[in-house]
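The following note sets out points for a colleague who wishes to read the structure alongside its sequence.

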Amino acid sequence: MKRAGFSNRWLPILFLIPQLAIIFIFFYWPAAHAIRSSFYLQDPFGFGETFVGLKNYTAMFNSAAYLRSAWFTVIFTVIVTFLSLSIALLLAVKADKVIRGAKTYRTLLMWVYAVAPPVAGVIGLILFDQSWGPIKDFVALFGWDFRLGVDYFDTAFAMVTISVWKQLPVNFIFFLSGLQAIPKSVREAALIDNRSASGRFWDVTFPLLAPTGFFLLIINITYSLFDTFGVIDTVVKGEPGNNPMTLVYKVYVDGFRGNDLGGSSAQSVILMILVLALTIFQFRMVERRIHYT
Amino acid sequence: MSVSKRFRWSAVLDHSILIIGSLIMILPVVMLLQMASTTDIHTMKNGPGLIFGDQLPVNFEKAMFKADGFTGANTGVRMLYNSMILGFGFAIGKIVIGMMAAYAIVYFRLRFATLAFWVIFTTLLLPLEVRILPSYEIVQRLGMLNTYQGLIIPLIASATATFFFRQFFRSIPEELVEAARIDGAGPIKFFVDILVPLSRTMIAAMFIIMFVYGWNQYLWPTMITTEEGMFTLVRGIKQITQTLEGTNLPEYGRSNLLAIIAILPPVLIVIFFQSWFVKGLTESDK
């Protein structure tokens, strides 16, 4: 710590207590509880529990439903992340370029940030409605008989579309502020060196945006894993059945509806490890990034 | 001549892309509004259309004051009130607690400062979603189901605001504390009279981000509130889609207006305080 600051003894502790108390009760305790429960089998009616070692984990990795959901989560995350990043980048580059109406475009493209995921899900239900949904009608022109909630692929398609729509604004805002942070002198130098606009973009702008892009990559992966819960829950109308679901949704369904606390906790622990790995990876990359910028 | 012409064509392309993007963002909500302006029978037969009807006031009345379910407590007004409490409670709670903790970490010589730092910042690693069930059990054990504190406090248990204010406090020149101390200001006076006013913009930026985040919570409120009188708007959306399923004549007008009311406050805040919002988002790095 670089600060000289104050040397009062009790005051800082007093200031830290609210934060620490909340964290211990609502973060460390539940996290520890989840890890512990993942090694136990709970009686569904609440009469005690028995230690089963790694059985919850082996059962999980042998369950076809879990593996299916894991694969869906991976594919879903990759597609949502890729689409929302690339579309947002295109829009941000254009919004950075235009002079007239720049502010209006910016507002129109960012306000969806404030729309809650389940509300986006409700909008999706209407757009893909079985009898008159506009997107369903549109794809029917190409002979696609769209069946939301019935066909696995169609439902997954709707989930991806809605999730990308909801995530575009965040990426747009970050890319735009990243673009605006590029010094004017660099742009002018690039303009002299390289006459083609796309050449300038790939050789100069894109590498300069890489740190923003990398940061957003992590944000988007976390978004696809966790924040899409509301989208998925509304699209399947709370009845997952055979529909696609992400791992987080499965934790909720198995634990909260199915009352399989041990199994659900084991799933939580796997997710915790996944997020930890992602974060450590992010910190590593951020450290490295400091060296070359 | 040819250069200027080519330039113009590329501008047309740029604007077309931006206009298409903007339309994709805005049309779905216009569609909600259109459906809310016609009668439910019309919507049920034709779906969303281009012509606006005159049913907005009728549907608004239903959205705000009609309730369904057993207790009849989940009127739009009630849900709006609950959402406000969640949004404000979460944002204010998080900022106050975060600022206090950040102040203690940055401005005091603490023996266990490094330990406190790590204990607090580990919480950045795991979102609430991965420890959702044990959190539910603990809230249940503490008797906080269906209460505002049960709704708000567990959501505060992550250090985003603390981290944000720590970064900001560290960017304030050290001479300021020295000067304040020479002038005889104690730690509390320094905090209240100097640091808080200095952080005004940061507080505003953080408030917007946190308000939107709290208002839009879905999973946690779904688990923690079972009494209809405690539903927030975003949590009530589930009920809306379920009533659409079961009935002969789905109430599209009412449900779509409720959806619009659910997005209106955070959207207005984001639009009107845009520069603070962007600052809070890009500088907090989440």
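1. Read along the sequence, chain A of this predicted model follows the pattern α-β-β-α-α-α-α-α-α-α-α-α-α-α. That pattern comprises twelve helices and two strands. Taken along the principal axes, the C-alpha atoms of chain A fill a box of roughly 75 × 75 × 30 Å.

2. Chain A has 293 residues, of which 41% are buried. Among the contacts in chain A with a separation of 6 or more, 69% are accounted for by residues 24 or more positions apart.

3. An unreviewed UniProt entry places the feature "domain: ABC transmembrane type-1" at residues 70-282 of chain A. In the model, residues 70-282 of chain A are 77% helix and 0% strand.

4. The feature "transmembrane region" is placed by UniProt (unreviewed entry) at residues 12-31, 70-93, 105-128, 156-179, 200-223 and 265-283 of chain A. Two of these spans may be compared with the model. Residues 12-31 of chain A are 100% helix and 0% strand, with end C-alpha atoms 27 Å apart. Residues 200-223 of chain A are likewise 100% helix and 0% strand, and their end C-alpha atoms are 31 Å apart.

5. For chain B, UniProt (unreviewed entry) places the feature "transmembrane region" at residues 12-36, 84-105, 112-128, 148-169, 190-213 and 257-278. Within the model, residues 84-105 of chain B are 100% helix and 0% strand, and the end C-alpha atoms lie 31 Å apart. Residues 190-213 of chain B are 96% helix and 0% strand, with end C-alpha atoms 30 Å apart.

6. How many residues of chain A are in contact with chain B? There are 79 residues of chain A in contact with 74 residues of chain B. On the side of chain A that touches chain B, helix H1 (residues 11-37) of chain A gives the most, with 18 residues. By class, the residues of that side of chain A comprise 56 nonpolar, 18 polar and five charged.

7. B:Gly47 illustrates contact between the chains. This glycine is found in the loop between helix H2 (40-46) and helix H3 (56-65) of chain B. Not counting residues up to four places away in sequence, B:Gly47 touches A:Asp129, A:Ser131, A:Trp132 and A:Gly133. B:Gly47 has 18 other C-beta atoms within 10 Å and is partly exposed, because a buried residue would need 20 or more. Although B:Gly47 and B:Tyr252 are 205 residues apart in sequence, their C-alpha atoms are 9.7 Å apart in space.

8. B:Ile260 lies in helix H14 (residues 252-272) of chain B. With 17 other C-beta atoms within 10 Å, B:Ile260 is partly exposed. B:Ile260 touches B:Leu32, B:Leu33 and B:Ala36, not counting residues up to four places away in sequence. B:Ile260 and B:Gly184 are 76 residues apart in sequence, and the distance between their C-alpha atoms is 53 Å.

9. The axes of helix H3 (residues 64-97) and helix H7 (residues 152-180) of chain A come within 7 Å and cross at roughly 45°. H3(A) and H7(A) are therefore oblique to each other, and the crossing is right-handed. The residues of the contact of H3(A) with H7(A) divide into 19 nonpolar, five polar and one charged.

10. H7(A) also packs with helix H4 (residues 102-110) of chain A, at an angle of about 145° and with the axes 8 Å apart. Here A:Arg106, A:Leu109 and A:Met110 in H4(A) meet A:Pro169, A:Phe172, A:Ile173 and A:Leu176 in H7(A). The contact of H4(A) with H7(A) has six nonpolar, no polar and one charged residues.

11. Just after H11(A), A:Asn259 takes a positive phi of about 60°.

How values were computed
Residues numbered from 1 in each chain as written. Chains lettered and ligands numbered in written order. Predicted model: local features only at pLDDT ≥ 70, side-chain atom pairs only at ≥ 80, totals over all residues. UniProt positions renumbered as here; feature names shortened; annotations may be inferred. Helix = DSSP H or I, 4+ residues; strand = E, 2+ residues; numbered from the N terminus. Buried ≥ 20, exposed ≤ 12 C-beta atoms within 10 Å, placed from the backbone. Contact = placed C-beta atoms within 7 Å. Nonpolar A, V, L, I, M, F, W, Y, C, P; charged D, E, K, R; others polar. Axes fitted to C-alpha atoms, helices over the stretch in contact; angles between N-to-C directions. Parallel < 35°, antiparallel > 145°, perpendicular 65-115°, else oblique. Left-handed = near helix turned anticlockwise from the far one by under 90°.
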